[in-house]
Amino acid sequence: MPTEGLQQANVQQVRRDVEGAISEAVKRLRVIEATAQQRLRQGTTERQHLEAFLDEMQYRLNAFANSPEPPSIITGPLTENQLLAMQGQQDALIKHQADLGQINNELEQLTNRLAWIIHQIEGACEWVLSETDRDAAQPKEDQPNSGDQVMWAQIALGQEAERARLAREIHDGPAQALANTVMRLQFVEQMVKQRPDEVEGELGKLRTAIQDSLKDVRRFIFNLRPASLTDAGLIATIKYYAQEYVDQFNIPVEVNVPETLNLSSNQELVVFRVIQEALQNIHKHADADQVVVNLQQRPRGPLIVTIADNGKGFDSKLVRQGRTASSGLVSMRERAATVGGTLKVESRNGTGTTITLTLPMPKFQ
């Protein structure tokens, strides 16, 4: 009996040591996470203010360029020297805006990855400790599955990351377009009073801007949930998205697909989302000028999807080791796993990147 008591005391002591060590590690990580989120909010606010300032500056420059005399429509007349100074300032601010956007994107990826790591640590801790503290009277099938808890935590984090991405796209797209439209309408109101002969031309420009914004909104809705995936099927949806991608980013995309595919509806959605995410990553990071998307499926065999680019590539070992921000690749792997698939990434610095998605045959066949 004394020996059993000593063994139990040892177990409890190890348990307390594990809990204490992990608790301290999580606390430190949460401090870093809070700091990163604060800096991300500051960067987002700075970018919003910069965008508003650039919009006002652009309209002042447009008003000056389209008038034979320096206008006083917005904030007063501009001299030629002031115009040149504003143009130089505008160029510098546009570069700063691009740099700030890149920094914010990287910081957001790191913040999401850090939150994911914290949940992983907490889930792994719960799983380890549950193995040493099972209630023998409770049937095994009634015990909570820690692996499932970790999985649901990952899904929840993925949902939050997706919401953050959508919020950023709404701000940079439809919301910014509406703000620009309001500003241009205010400009037109002043033109009606002071330069009525120029109103028609400005209204034409405004109509074109609204039409472009409407295209962006439709593209945004399509990216959220492509109705064509249900109506026209996966092949037509991929071709449509690839053409929209070419039109938007001017990056050639070659699409090779079979006439028919044998997939479940869930698998079709995963294939489309993986291709969508891969193409977006190419636009943001690869500096590629050629992309090839291939889908191959033998009769009653697995589907193999490859997305290859000739961009600058990266060290894929760092991604596997978790030493670089790769939330997009993590998201693609998790999507593939939900339908029993696998994702492989092959890349080296300067040699481009190839992503291979493999999905088994649907179980209902």
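Reply: A crossing is left-handed if the near helix is turned anticlockwise from the far one by less than a right angle, and right-handed if clockwise. Helices (H or I, at least four residues) and strands (E, at least two) are DSSP runs, numbered from the N terminus. The model is predicted, so local features need pLDDT of at least 70 and side-chain atom pairs pLDDT 80 or more, while totals for chains, interfaces and linings use all residues. Residues are numbered from 1 along each chain as its sequence is written, and side-chain values use heavy atoms, leaving out hydrogens and water.

Me: Thanks! How many helices and strands does the protein chain have?

Reply: Following the sequence, the elements come in the pattern α-α-α-α-α-α-β-α-β-β-α-α-β-β. The protein chain therefore counts nine helices and five strands.

Me: What percentage of the 365 residues count as buried?

Reply: Buried means under 20% relative accessible area, exposed over 50%, and partly exposed in between (1.4 Å probe, protein chains only). Of the 365 residues in the protein chain, the buried share is 36%.

Me: Are α6 and α7 roughly parallel or oblique to each other?

Reply: Axes are lines fitted to C-alpha atoms, for helices over the stretch in contact, and angles run from 0 to 180 degrees between N-to-C directions. Helix α6 (residues 234–249) and helix α7 (residues 265–286) pack at about 15°, with axes 11 Å apart. Angles under 35 degrees count as roughly parallel, over 145 as roughly antiparallel, 65 to 115 as roughly perpendicular and the rest as oblique. The relation of α6 to α7 is therefore roughly parallel.

Me: How do the residues of the contact of α6 with α7 divide?

Reply: α6 passes α7 in a right-handed crossing. Contact means heavy atoms within 4.5 Å, and here it involves residues including Tyr241 and Phe249 of α6 and Phe272 and Leu279 of α7. Ala, Val, Leu, Ile, Met, Phe, Trp, Tyr, Cys and Pro count as nonpolar, Asp, Glu, Lys and Arg as charged, and the others, Gly among them, as polar. By that grouping, the residues of this contact are ten nonpolar, four polar and one charged.

Me: Is the crossing of α4 past α6 left-handed or right-handed?

Reply: The axes of α4 and α6 come within 12 Å and cross at roughly 140°. The two helices are therefore oblique to each other. As for the hand, α4 passes α6 in a crossing that is left-handed.

Me: Which residues of α4 make the contact with α6?

Reply: On the α6 side, the contact is made by Thr237, Tyr240, Tyr241, Glu244 and Gln248. On the α4 side, its residues are Arg219, Phe222 and Asn223.

Me: How far apart are the end C-alpha atoms of α4?

Reply: The expected span of a helix is 1.5 Å times one less than its number of residues. Helix α4 (residues 199–224) has 26 residues, so it should span 38 Å. In agreement with this, its end C-alpha atoms are separated by 37 Å.

Me: Is Ala36 buried or exposed?

Reply: Ala36 is found in helix α1 (residues 2–65). Not counting residues up to four places away in sequence, Ala36 touches Leu107 and Thr111. With a relative accessible area of 14%, Ala36 is buried.

Me: And Asp289: buried or exposed?

Reply: Asp289 lies in the loop between α7 and β2 (291–297). Leaving aside residues up to four places away in sequence, Asp289 touches Ile251, Pro252 and Asn310. Its relative accessible area is 54%, so Asp289 is exposed.
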